[in-house]
Amino acid sequence: MIDALITAKARTLRALHDQSVLVLPNAWDPASAALVARAGAAAVATTSGGVAWSLGRPDGEMLTREEMMEAVRRIAAAVDVPVTADVEGGYGLTPQDVAATVRATIEAGAVGVNIEDSRAADGTLLPVEEQMQRIQAARKAAAGAGVPEFVINVRTDVYLFQIGEPAGRLDAVLARVAGYAKAGADCLFVPGLLNLDTLSVLTAASPLPVNAMAGPGGPTVAELTAVGVRRISVGTAIAQAAYGVAERAARELLEAGTYHTLDQAVSYPELNALCTPEPR
């Protein structure tokens with residue numbers, strides 16, 4: 001039986017999409033999730049890349065479903081806000097695979113997923129009809145698990161992998177989102193697209209709220225919101241920045257013998273206090 005808290009978190013995550021914009025800093029372990037929540041995030045999104053790197057694997061479904069779900073379970077237990085999990089392509093191509101992943105995600109304590117429409121093996125896109133079947137299976141699995149409010153954010157990789165001629169990519173995305181909305185998706189994630197003019201056209205035409213992946217050098221949250229983007233995440237960027245600090249601090253220590261890179265570190269007592277001895 002699903003805990004009432006899971007249902008409440010799913011409803012909260014769904015309601016957050018009705019606001020002007022939902023900003024989701026991405027976490028990869030319990031401590032990073034706790035820090036994201038402490039910073040004021042209304043919800044926490046995981047990053048598959050960050051999780052994989054923390055376990056010594058490359059991104060791209062190099063973790064098993066079980067390994068990813070164990071990481072999601074720890075992250076969800078570390079925070080009181082809703083968690084939406086990056087489940088990559090669903091750990092299998094069939095609708096049954098996706099359904100199993102959604103059930104496992106709910107069991108792990110998360111109340112939403114990102115699910116990709118490309119094949120991990122070669123980056124090619126699944127036919128729209130196949131992805132629709134996978135979304136329908138995800139929707140049915142969530143309802144069957146007692147969480148019909150579960151949020152399905154479908155990622156299309158048309159722009160990320162630069163598939164097709166540039167002039168035709170927007171139409172390709174619009175054709176996909178029409179099918180995805182019909183199949184039961186709640187949000188459309190379009191990483192690789194940060195052109196504000198194109199995003200303005202997409203958000204106006206899309207039947208689903210649009211999630212953009214922001215990052216250094218790209219438009220600000222305010223600029224993305226102004227063109228109608230309703231959900232903003234940063235993918236692996238925060239994890240990459242954290243690992244960048246680790247390398248810079250190590251180089252400074254080894255080469256200069258100084259510690260300036262560590263000046264803005266979270267204090268030991270603060271970080272220790274964010275970690276709980278037992279799952280909540």
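Colleague: Which hand, right or left, does the β-α-β unit made by S4, helix H5 (residues 95-108) and S5 have?
Modeller: This is a predicted model, in which local features need pLDDT of at least 70 and side-chain atom pairs count only at pLDDT 80 or more, while totals for chains, interfaces and linings use all residues. Residues are numbered from 1 along each chain as its sequence is written, and side-chain values use heavy atoms, with hydrogens and water left out. Helices (H or I, at least four residues) and strands (E, at least two) are DSSP runs numbered from the N terminus. With the strands pointing away from the viewer, a path running clockwise from the first strand over the helix to the second counts as right-handed, and the unit of S4, H5 and S5 is right-handed.

Colleague: Which residue in S5 stands opposite Asp 86?
Modeller: Strands pair if DSSP finds at least two bridges between them, and S4 with strand S5 (residues 112-116) meets this in the parallel sense over three bridges. Within S5, the residue opposite Asp 86 is Asn 114.

Colleague: Which residue in S4 is the bridge partner of Ala 45?
Modeller: Strand S3 (residues 44-46) also pairs with S4 in the parallel sense, over two bridges. The partner of Ala 45 in S4 is Thr 84.

Colleague: Are the residues on the two faces of strand S4 (residues 83-86) buried or exposed?
Modeller: In a regular strand the side chains alternate between the two faces of the sheet. In S4, Val 83 and Ala 85 lie on one side and Thr 84 and Asp 86 on the other. By relative accessible area (buried under 20%, exposed over 50%, partly exposed in between; 1.4 Å probe, protein chains only), all four of these residues are buried.
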